[in-house]
Amino acid sequence: MLKLLRLLKPYTISVAVVLVLMFWQSLSQLYLPTLMSDIVDNGIVHGDINYILRVGGLMLLVAAAGTAAAVVAGFLSAKIAASFGQVLRSKVFARVESFSLNEFNQIGTASLITRTTNDITQVQQVVLMMLRLAVRAPMLAIGGIIMAVAKDAKLSLVIVVVIPVLAVAIFIIAGKGVPLFKKMQAKLDQLNLVLREGLTGIRVIRAFNRIDYEQKRFKDANLDLTDTAVRVNAIMAALMPIMMLILNLTTVAIIWFGSIRIDYGHMQVGDLMAFIQYVMQIMFSLIMLSMLLMNIPRASASAARINELLDMVPEIKDGEPVKSAAVKSGLVEFRNVTYSYPGAAKPAISNISFTAKPGETTAIIGGTGSGKSTLVNLIPRFYDIDSGSILVDGVDIREMAQADLRSQIGLVPQKAVLFSGTIADNIRYGKEDATNEEIKHAAEVAQATEFIFGMKDGFNTVIAQGGTNVSGGQKQRLAVARTLVRKPKIFIFDDCFSALDFKTEAKLRTALKKETVNATVLMVAQRVNSIMHADQIIVLDEGQIAGIGRHKELLRSCRVYREIVTSQLAEEESA
Ligand SMILES: Nc1ncnc2c1ncn2[C@@H]1O[C@H](COP(=O)(O)OP(=O)(O)OP(=O)(O)O)[C@@H](O)[C@H]1O
């Protein structure tokens, strides 16, 4: 938590102003009962109207000054806390963006969302409470004790009895509440996870008639969180009545003993009234402090979850010193590359060596789960390899700047992802300064113009969140256009034509050929038809290369390739 508080450094002056204003407000609060007792003892008792008006006026001034300080401090502290939250959220988001896919998987998307939103809000709230109470509550408590003792030392013995009772009550309540506060964050994660799955998988849930099951899952997670929240709130709710009971009993005791002392002439009425107010101030400040102390553990639990993200050292870093290729032609070389996913029993790909040259198409084919996507995902360094090396233009990609490497790559992923915005925005995502002509040309090559112009607003048609208002094949073509507009040196098409019909795919491949004449093209495919004309075909089998060559050579020399071809031909013939 302290570590995060360092983010308040740019607001040091504002924080200091808030603390000074709070100090001022506390002083005024401590002074008011004394003024009131003066009015009673010297003004009312002696019937001195002038005194009452004079001191009453002073009281008004002191109260107004205290209120003004409270208003300004309240405004400033809210501003500081909100800015603190904003800076922290940006910091966490920036860090998460630099995570490798393994780090993403380690924390989980649901938890990443909770940490960036709810956890930061928890810390932000405590920062606000601290700013408002850190000076005021101790000052009122200590100042109140001093003033009460000054008014009547003997009567102050009541406070000596009450404070330990109050402390024990707070201690018991905090002891029960704090562990539950910590549990709540983990339960919120779980609820977010179920909610996310329930929303993103809605089609499958409906298709499989699993709505009841999902509702139960959500209900369970929701109830679990609610139960804990209810228990925490029940405990917190007990705090107030207990405090008020102690407070009222204390007032009764003070009036009881105070009236006896007044009877004996040891005390004046005004002093007794002031005394009661000081005791109230002391007790309220202790209640406020206890609230703050109870919220701190919850915020610390949140802070620990946030720090876990901030402290995570991204496993994928730029090389030091950064190397850059002299000639950027897009030559990709794999040398004995092996990679295993964390926790996997065996490598997803092993001992892969090949060269993909500019101006040529290197196709990768193999059964499902044979490691095709893994292989191409290693080129933009989504994961770092275990052994061997991957070179782009003769430089090991681990020695390059990631931004430099990725600027040369145009990747169309297996699952096309679109962002909310217009079709033009989505294509322009590949190149920020792309002209309208470039966008149109990219769409033409990707065989997307026909359906784009078929839409009401053409290129200005708005894509819904997650691209739900376009078909799978349309999404794939827009993803291809987005990559084409980038004009990279290396194209990676990861099985991204799977949703296209044969005719559209053939047209797209022919158009692509012209666009990629000088580039290195890596094309993952399931269908032999899509890649049989490639300059080089890599056949993957259980993460290993079963054969490399052209279609005809492989038909002769590679058993796995022959099996793939014959199985697909048999399918087509039977179709
Ligand atoms: N994020 C991951 N974590 C752990 N294992 C993974 C992960 N992604 C893939 N794998 C495993 O790695 C192996 C290769 O997967 P990969 O996605 O590269 O296969 P693929 O050939 O592209 O399959 P497909 O054609 O079905 O897309 C599989 O056994 C898969 O279970």
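Residue numbers start from 1 along each chain, following the sequence as written. Because the model is predicted, local features are reported only at pLDDT of at least 70 and side-chain atom pairs only at pLDDT 80 or more, whereas totals for chains, interfaces and linings use all residues. The mean pLDDT (the predictor's confidence in each residue, from 0 to 100) of the protein chain is 89, and 99% of its residues reach 70 or more. For the complex, the predictor gives an ipTM of 0.94 and a pTM of 0.75.

The protein chain holds 20 helices and twelve strands, assigned as DSSP runs (H or I over at least four residues for helices, E over at least two for strands) and numbered from the N terminus. The protein chain is more spread out than a compact globule, because its radius of gyration is 35 Å, well over the 25 Å that the globule rule gives for 575 residues. Here the radius is taken over C-alpha atoms, and the rule is 2.2 Å times the number of residues to the power 0.38. Along the principal axes, the C-alpha atoms fill a box of roughly 120 × 50 × 45 Å. Of the 575 residues, 36% are buried, meaning that 20 or more other C-beta atoms, placed from the backbone, lie within 10 Å of the residue's own; exposed residues have 12 or fewer, and partly exposed ones fall in between.

Turning to the helix pair, helix 5 (residues 109-133) packs against helix 10 (residues 269-311) at an angle of about 145°, with the axes 8 Å apart. These axes are lines fitted to C-alpha atoms over the stretch in contact, and angles run from 0 to 180 degrees between N-to-C directions.

Helix 10 also contains V279, which is buried because it has 24 C-beta neighbours inside 10 Å. Beyond neighbours within four places in sequence, V279 is in contact (C-beta atoms, placed from the backbone, within 7 Å) with A148, I159, T250 and I254. D152 is 127 residues from V279 in sequence, yet their C-alpha atoms are 12 Å apart in space.

Two backbone details complete the picture. N336, in strand 1 (residues 332-339), has a positive phi near 50° despite not being glycine; N336 is exposed, with 12 other C-beta atoms within 10 Å. D495, also not a glycine, has a positive phi of about 50° and sits in the loop between strand 9 (490-494) and helix 17 (502-515). D495 is buried, with 21 other C-beta atoms within 10 Å.

Technical notes: Contact = placed C-beta atoms within 7 Å.
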